Amino acid sequence: MNNDKKNQPPKNNEIPYDKMIVIDSEGKSLGLLTKQQAINAAEQEELDLVLLAPSSDTKPAVTKITDYGKFLYQKKIKEKENKQKVQKMKEITVKPLISDGDLAWKAKETQRWLKEGSQVKFQIRSTGKLATREELINEVYQRFFNLIKDDAKIISPFKKNSPILHSTIFGKNK
C-alpha cells in the first residue's frame, strides 16, 4: 500500500509549492494562485486540489480541482489502456528457395501469431546471385501472402530494405 501512495500525485496540503496554476473542475484556468487560495477554492467546491505537473525552472506547478478518488480511478484506467495498446512484433525470415512445405509451416505460425494479436514482420533474405533475382523473391512473397491473406492485412508494403533483404509487416485482418 505504501508503494501506491508514493506513485500517487500529492493533494491539498501535500503539494510542496507556494504558487501554482489552478484549473477548476470544469477545466477553466483560474490563473496563478497561492497554495492557500487554491486550497480554499477547492474546499468551496467540496473537492480536492491535485498536482498534475510539478514546477520547473521556468513554469509554475499545474494543479486541478477535482475529486481525488475519481482522479486516481481515471488515471488507473488510462494506464491500463496504454498497456493494452503495446503490440508484439514477431519475425519470420525465409530464403528465396524455400520449399512449399516449409513456407506453409511459416504461414501457419504467422496466422497463429496474428490471431494472438501480434504483428508479423516477414523477411526474405537473399545472398549471392539470388539477390539479383527479383522475380524469384516476388514469387516467394506472393506464395506466402496467398497462404495468409484471409487472416492478414498489409501494414507496410513489401519493399527492398538492402541489397539482400526484402520485408513487409502484416497485422490482423479485422
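What pLDDT does the chain average, and what share of the residues score at least 70? The model is predicted. Its chain averages a pLDDT of 86, and 94% of the residues score at least 70. The lowest mean, 58, falls in helix α1 (residues 2-7). The highest, 93, belongs to helix α4 (residues 100-115).

Nonpolar side chains form separate cores. The largest nonpolar core has 19 residues. Val94, Phe122, Ile124, Tyr141, Phe144 and Phe170 have the most contacts inside this core. Two or more residues each come from β5 (89-94), α4, β6, α5 (134-148) and β7 (152-162). Helix α5 gives the largest share, six residues. Another core, of twelve residues, lies apart from the largest one. Its members include Val22, Ala41, Ala42 and Ala61. In soluble globular proteins, nonpolar side chains tend to be buried together.

Phe122 shows how the largest core is joined. Beyond residues up to four places away in sequence, Phe122 touches Ile92, Val94, Tyr141, Phe144, His166, Ser167, Thr168 and Phe170. Among these partners, Val94, Tyr141, Phe144 and Phe170 are, like Phe122, residues with the most contacts inside the core.

Gln123 lies in strand β6 (residues 119-125). Gln123 counts as buried because its relative accessible area is 6%, under the 20% cut-off. The side chain of Gln123 makes a polar contact with the side chain of Thr93, at 3.0 Å. Neighbours within four places in sequence aside, Gln123 is in contact with Glu91, Ile92, Thr93, Val94, Leu165, His166 and Ser167. Ile92, Val94, His166 and Ser167 are contacted by both Phe122 and Gln123.

Conventions: Residues are numbered from 1 along each chain as its sequence is written. This is a predicted model: local features need pLDDT of at least 70, side-chain atom pairs count only at pLDDT 80 or more; totals for chains, interfaces and linings use all residues. Side-chain values use heavy atoms; hydrogens and water are left out. Helices (H or I, at least four residues) and strands (E, at least two) are DSSP runs, numbered from the N terminus. Buried means under 20% relative accessible area, exposed over 50%, partly exposed in between (1.4 Å probe, protein chains only). A polar contact is a pair of N or O atoms within 3.5 Å; within protein, one must be able to donate a hydrogen and the other to accept it, and residues adjacent in sequence count only if both atoms are side-chain atoms. Contact means heavy atoms within 4.5 Å. pLDDT is the predictor's confidence in each residue, from 0 to 100. A nonpolar core is a set of buried Ala, Val, Leu, Ile, Met, Phe, Trp, Tyr and Cys residues joined through side-chain atoms within 4.5 Å.
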